[in-house]
Amino acid sequence: MRHQPPLPQPTLDWASQALRKIATRKNFEQIAALLAEAPSGPHFIWLIEYLGKVKTPEARDLAISYLDGFATEFAIKALV
């Protein structure tokens with residue numbers, strides 16, 4: 001996802017969905033870094049949903065930060 005030139009939108013979506021499925025608790029720092037540097041857009045909603053797999057206070061706090069915006073539905077899924 002860190003690619004120059006930036007990847008096209010569909011590719012970012014697919015990569016984000018794949019990471020949601022295969023990333024584990026060990027990958028939390030990497031996923032959090034991707035979210036921090038990600039441009040706003042729907043291609044990172046799957047990474048927000050990933051936060052629900054981690055179930056740590058840090059993941060919860062990060063999910064809460066996405067409650068007010070385009071990713072609200074995915075932040076709620078992560079929190080539930």
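Trainee: Which exposed residues does the face of α1 turned away from its buried side carry?

Mentor: Exposed means over 50% relative accessible area, buried under 20%, and partly exposed in between (1.4 Å probe, protein chains only). Here, that face of α1 carries Trp 14, Lys 21 and Ile 22. Keep in mind that this is a predicted model, where local features need pLDDT of at least 70, side-chain atom pairs count only at pLDDT 80 or more, and totals for chains, interfaces and linings use all residues. Residues are numbered from 1 along each chain as its sequence is written, and side-chain values use heavy atoms, leaving out hydrogens and water.

Trainee: And which residues of α1 are buried?

Mentor: Leu 12, Ser 16 and Arg 20. They cover an arc of only 75 degrees around the axis, so they sit on the same side of α1; the arc is that of the directions from the helix axis to the C-beta atoms. Among what covers them is α3 (45-54).

Trainee: What is Arg 20 in contact with?

Mentor: Contact means heavy atoms within 4.5 Å. Setting aside neighbours within four places in sequence, Arg 20 touches Trp 46, Glu 49, Tyr 50 and Lys 53. Arg 20 counts as buried because its relative accessibility is 15%.

Trainee: At what angle do α3 and α5 pack?

Mentor: Axes are lines fitted to C-alpha atoms, for helices over the stretch in contact, and angles run from 0 to 180 degrees between N-to-C directions. For α3 and helix α5 (residues 72-79), the angle is about 15 degrees, with the axes 6 Å apart. Angles under 35 degrees count as roughly parallel, and α3 and α5 are therefore roughly parallel to each other.

Conventions. Helices (H or I, at least four residues) and strands (E, at least two) are DSSP runs, numbered from the N terminus. Angles under 35 degrees count as roughly parallel, over 145 as roughly antiparallel, 65 to 115 as roughly perpendicular and the rest as oblique.
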